[in-house]
Structures are given as C-alpha cells and as structure tokens.
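These are my notebook entries from going through the structure shown below, kept in the order in which I looked things up.

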Amino acid sequence: MRATLSELGQSLSRNKSMTISLVVTMTVSLLLVSLGLLINSQVNRTEKYFGDKLQVQVNLCTKNSPSTNCIGGVATDDQKAAVKAALNDNPEVKSFDVRTPTDNYERARALLGQSDSGKAQLETLGPDSFPESYFVTLKDAQKYDGVVSQLSGMDGVGNVNSLKKLLGPLFDILRNMKWASWGIAGLLVLAAILQVSNTIRMTAFARRREIGIMRLVGASSWHIQLPFVLESLLAALISATLAAAALVGFMYVVVYGYLRDTLGTLTTWVGWREAGLAIGGTTLLALLLALIPTLVMTRKYLDV
Amino acid sequence: MIRFDKVTKTYPGQKRPALDALDLEIEKGEFVFLVGASGSGKSTFLRLILRETTPTTGRVYVAGKEINKLSSWKVPKLRRQVGTVFQDFRLLPNKTVSENVAFALQVIGKSRSEIAKVVPETLEMVGLEGKGHRMPDELSGGEQQRVAVARAFVNRPMILIADEPTGNLDPGTSVGIMKLLDRINRTDTTVVMATHDSSIVDQMRKRVIELEGGLIVRDEARGIYGYQN
C-alpha cells in the first residue's frame with residue numbers, strides 16, 4: 001500500500017496540470033448538474049405549490065365591464081344561476097366558493113391600503129366597482145382549459161382568470177433553464193470523461209517502463225490499475241467537494257439571501273434538503289465519472 | 001518445465017507463421033541457448049513462455065500450466081515463476097539499485113521485512129554489495145545488467161529468460177554476466193537465453209536450439225553457435 005501511495009503521489013505531481021484541468025472541468029459540470037437538479041426540484045415544488053392553491057377565478061360582470069358578455073351591465077340573477085349550474089355540472093370542477101362584491105371590495109381595501117397610490121385608487125372605487133366572483137377548485141389543476149373556455153363565453157361573465165395560465169411562462173422559463181443546464185452539463189460530462197481517458201492514456205505512457213516491469217514481474221492487474229483508480233477518485237472527490245461548496249454558496253447567497261427574502265410570496269423556494277440531495281447525486285455521479293472511464297481505459301492500456 | 005506441443009503462431013495480417021508446428025521440451029534446471037537470425041521466431045518463443053501472447057494452434061506448458069487455458073487473472077502468478085532480463089536492462093532511472101530490485105517484490109505484495117532481507121542478499125549474489133544506494137546512471141553497463149539480473153532473480157523464479165543480455169556489453173563484461181547466469185542455473189533455475197553472441201555460446205557448451213523461419217533446424221545438447229561439421 002505504501003508503494004501504491006508513493007506511486008500515486010509521484011503520478012499526481014507529474015500530472016499536475018492535467019489533474020487541475022480535470023478537476024476544473026468536473027467541478028463545473030457537476031455544479032451544472034446539481035443546479036439542474038435544484039431547478040428540477042424547484043419546478044416540482046412550484047407546480048405542487050400552485051397545484052394546491054391554483055384556482056380558476058370567474059368574475060361576473062360589473063356596471064363597467066368591457067366584455068361583450070356584459071352588454072346588459074351587472075350580471076343578472078338568471079345569469080348567475082346559469083354560471084353556477086354550469087360549474088355544478090362540469091365534471092372537472094371539484095368545488096367553488098362565492099365571493100360577493102363587498103368581500104372583494106374589503107380584500108382590495110386591505111391590499112391597496114398598504115400604499116399611498118393604492119389609497120388614492122380606492123377613493124374612486126366603491127363596492128359596486130367589484131364583481132361577484134366564483135373561486136373554482138378543479139379536480140386536476142392542469143386541466144383548466146375546458147372550464148375557462150366554457151365559462152368565458154357565458155353571458156354575465158366579465159372575465160375568467162387562470163393563475164396557472166398566467167404563470168405558464170414562469171414554468172416554461174424554469175423548464176428551459178433546467179434543460180439548458182442539463183444540456184451544458186451533459187457536454188461537460190462528456191468532456192470530463194474524455195479528459196479522464198486522456199489523463200489515463202498520458203499517465204500510462206509516462207509510466208510505460210514501470211508498468212512494463214510490473215507486468216513482467218507478475219504484478220496483478222489490480223495492483224497496476226490501483227494508482228490510476230486512486231488518482232481519478234481523488235480528482236473526482238476534490239471536484240465533488242468544490243461543486244458542493246459552490247452549490248452551498250449559491251443556496252446561501254441566491255436562494256436564502258435573495259429569492260426567499262424578496263420573492264418569498266411568489267412561491268416556496270428550494271431548501272437545504274433539496275441542495276443536500278443534489279450534492280449527494282452529483283457526488284455519486286463524480287465517482288462514476290471517474291471510475292467507469294478509468295476502469296475501461298486501464299483495462300485497455302494496462303491489462304496483463 | 002517448458003513444453004511446446006505442435007505450436008504455431010501466426011500474427012494477424014501475416015501469411016507466414018512466426019513459429020511453425022514447434023515441438024520442444026526444456027527440463028527443469030537446463031541452460032538453453034536460443035539462436036537464429038532476426039525474424040527466426042526467437043522473440044515469439046520467449047513471448048509465449050511469458051504468456052505475452054498465445055499460440056494460434058498447439059499447446060504451451062510453462063511450470064506445469066497450460067498457458068492457453070490460463071485465465072488472465074492467473075497470468076501474474078505464472079510470471080512470478082519466470083524472471084526476465086533484456087538487452088537494454090530496463091531499469092527505473094529514478095530509483096536506486098536497491099529500490100529497482102525491491103520494486104519487483106513490492107508490486108507483488110511482499111512484506112517490507114522480507115524485502116529488507118532478500119534485496120541485499122540478491123545484490124551480494126550478483127556482485128553489487130555496497131552499491132545499493134547508487135542510481136543506475138552511476139553504474140557501468142555490466143553493473144546495470146547485474147541489477148537487472150538481480151531484479152529478475154530476487155523472487156527466486158523457476159525459469160529465467162534472458163533476451164540478448166550481453167547485446168550491449170563488451171566481451172569481458174559479457175563473460176561476467178554469463179558466469180552470473182551460470183551460477184543462477186546451478187541453483188536449479190532453468191535458463192533460456194536468446195543470443196547472437198557466438199563466442200559465449202561456443203564457450204559455455206550448453207544446449208543450443210536454432211530457429212529458422214519459425215522451425216527448429218537444430219537442437220544440440222552441448223552445441224555451439226554455428227553448425228558443427
């Protein structure tokens with residue numbers, strides 16, 4: 001073991017620049033993979049968050065509604081009954097709550113009263129400026145299209161909002177970010193695999209005399225391969241540690257320092273648990289990235 | 001100790017076999033010279049004994065093992081029974097004489113105490129006592145070859161293969177190396193030596209096997225380098 005460790009030391013000092021470039025490539029690729037995992041967790045988390053809460057909001061006509069469904073002014077009782085009946089009959093609808101114009105006015109007062117401009121806006125508004133609304137909970141939050149299109153066309157319905165639809169672009173951005181980071185990570189992982197292979201080949205060439213003698217005197221394949229395997233594993237562990245440190249820094253500065261503070265009301269953000277899982281996954285990936293090409297290449301170049 | 005049973009070896013892309021239906025037996029403790037022109041099949045013969053290659057047809061037995069049937073993980077064990085010396089010494093330039101010899105034991109997992117005991121004994125046997133701390137480039141060619149012999153013999157193999165061990169040495173130094181190989185042979189170690197050095201073969205009067213075009217054209221018990229009239 002002493003001899004193997006001394007060979008490892010010699011090999012590392014001889015391959016300093018190769019090892020450093022390998023560590024840098026692996027670190028960046030692992031970091032991108034872990035960011036991809038984190039974004040994936042965020043997408044799941046956001047979907048779950050809004051999936052639980054997202055409802056379709058049906059606002060009936062007020063006296064000022066611009067919709068063509070509102071030519072007759074404020075929604076009549078018949079129109080209200082028709083909308084309620086449509087909601088009751090729709091198989092996608094789980095339940096719905098009614099919010100009166102007064103309820104809506106009180107909520108607006110609470111929200112707008114927080115700022116001066118909001119207070120100024122309130123002066124021109126009264127309860128009759130607000131519609132009667134139905135907050136519809138769907139059986140499947142993803143299937144909002146049917147309900148929205150059905151209700152949008154009904155007389156007395158001012159507008160139908162689906163927060164899911166509004167937040168669609170945000171989901172698209174998150175998904176694209178996830179695929180972009182995984183795509184780049186994939187390319188870098190490929191680069192890392194090639195670099196591991198290259199390092200092995202160069203080290204095997206630099207040590208061809210020792211390896212030749214080891215073979216001749218009857219050293220086992222495993223004994224010949226061990227310094228190479230240890231070298232790759234060491235590079236992988238250093239890379240995984242650096243990538244983990246960078247991810248912890250990202251969590252601390254971006255997620256906890258910014259997103260949770262400033263955009264905390266938008267959604268719930270990923271936490272240390274998800275970061276820990278991403279770090280565990282990438283550490284495992286780092287070990288595989290180092291071990292598989294090393295074993296393949298050492299078999300090719302160092303087999304007895 | 002070594003047996004070739006109708007061994008033919010044809011390398012990929014070659015029409016003519018390097019060895020052609022070779023039948024041969026070398027007993028334990030024999031000293032055999034392998035002679036023949038370049039390309040006659042000497043190197044292939046030695047590579048087969050070391051199981052660096054396998055025969056295309058036929059069987060090769062080394063130290064009781066049929067090398068064709070030997071799985072690759074058992075090859076190192078076979079090679080521990082076969083020491084090898086080359087014309088170009090193949091010493092590690094960054095290791096001392098002792099470290100070069102010890103290397104052969106370290107890589108097969110021998111204990112430090114055993115290495116500390118055996119290495120000086122072997123250096124003394126090859127006539128390098130007191131030179132263990134020297135670097136290879138501080139030694140003469142003959143001394144470097146002695147280090148290579150020490151490394152090949154330190155694990156006390158049953159067979160010693162020497163591929164042109166005197167090819168880079170002057171005649172006087174070559175005699176010293178041959179005396180050393182003869183001494184090793186007298187410990188009941190089988191020695192197979194490929195050589196072009198006629199004077200050595202003629203002086204030693206050991207068994208001579210001559211190869212030509214992959215065939216044995218001569219096998220004499222106490223032969224000389226050239227044909228005897």
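Axes are lines fitted to C-alpha atoms, for helices over the stretch in contact, and angles run from 0 to 180 degrees between N-to-C directions.

I also noted that this is a predicted model, in which local features need pLDDT of at least 70 and side-chain atom pairs count only at pLDDT 80 or more, while totals for chains, interfaces and linings use all residues. Residues are numbered from 1 along each chain as its sequence is written, and chains are lettered from A and ligands numbered from 1 in the order in which they are written.

**Entry 1, the two chains.** I took helices (H or I, at least four residues) and strands (E, at least two) as DSSP runs, numbered from the N terminus. For chain A I find ten helices and four strands, and read along the sequence they follow the pattern α-α-β-α-β-α-α-β-α-β-α-α-α-α. For chain B I find seven helices and ten strands.

I call a residue buried if 20 or more other C-beta atoms lie within 10 Å of its own, exposed if 12 or fewer, and partly exposed in between, with C-beta atoms placed from the backbone. Of the 304 residues in chain A, 33% are buried; of the 229 residues in chain B, 43% are buried.

For contacts I required that the C-beta atoms of two residues, placed from the backbone, lie within 7 Å. Among contacts in chain A between residues at least 6 apart in sequence, 85% join residues at least 24 apart, and in chain B residues 24 or more positions apart account for 67% of the contacts with a separation of 6 or more.

**Entry 2, where the chains meet.** I looked up the contact between the chains and find 15 residues of chain A touching 16 residues of chain B. On the chain A side, the elements that give two or more residues are α8 (208–216) and α9 (221–262), and α8(A) gives the most, with six residues. I sorted residues by class, with Ala, Val, Leu, Ile, Met, Phe, Trp, Tyr, Cys and Pro as nonpolar, Asp, Glu, Lys and Arg as charged, and the others, Gly among them, as polar. The chain A side then divides into seven nonpolar, five polar and three charged residues.

In chain B, the axes of α3 (residues 97–106) and α5 (residues 141–153) come within 8 Å and cross at roughly 25°, so α3(B) and α5(B) are roughly parallel to each other. In that contact B:Val97, B:Asn100, B:Val101 and B:Ala104 from α3(B) meet B:Val147, B:Ala150 and B:Arg151 from α5(B), and by class this comes to five nonpolar, one polar and one charged residues.

In chain A, α9(A) and α10 (residues 272–302) pack at an angle of about 155° with their axes 8 Å apart, which makes α9(A) roughly antiparallel to α10(A). The residues of this contact are 22 nonpolar, eight polar and no charged.

I used sets of buried Ala, Val, Leu, Ile, Met, Phe, Trp, Tyr and Cys residues joined through C-beta atoms within 7 Å. The largest such core has 71 residues, and those with the most contacts inside it are B:Leu34, B:Val101, B:Ala150, B:Val191 and B:Val192. Apart from it lies another core, of 36 residues, among them A:Leu38, A:Ala240, A:Val270 and A:Ala278. Returning to B:Val101, and not counting residues up to four places away in sequence, I find that it touches B:Val119, B:Thr122, B:Leu123, B:Val147, B:Ala150, B:Arg151 and B:Val154.

B:Ala21 has a positive phi of about 50° although it is not a glycine; B:Ala21 lies in strand β2 (residues 19–26) and counts as partly exposed because it has 15 C-beta neighbours inside 10 Å. B:Phe89, also not a glycine, has a positive phi of about 65°. B:Phe89 sits in the loop between β6 (82–86) and α3 of chain B, and is buried, with 21 other C-beta atoms within 10 Å.

Is B:Lys206 buried or exposed? B:Lys206 counts as buried, with 20 C-beta neighbours inside 10 Å. Leaving aside neighbours within four places in sequence, B:Lys206 is in contact with B:Phe31, B:Val32, B:Phe33 and B:Arg222, and its C-alpha atom is separated by 6.0 Å from that of B:Gly223, 17 residues apart along the chain.

Definitions and conventions
Parallel < 35°, antiparallel > 145°, perpendicular 65-115°, else oblique.
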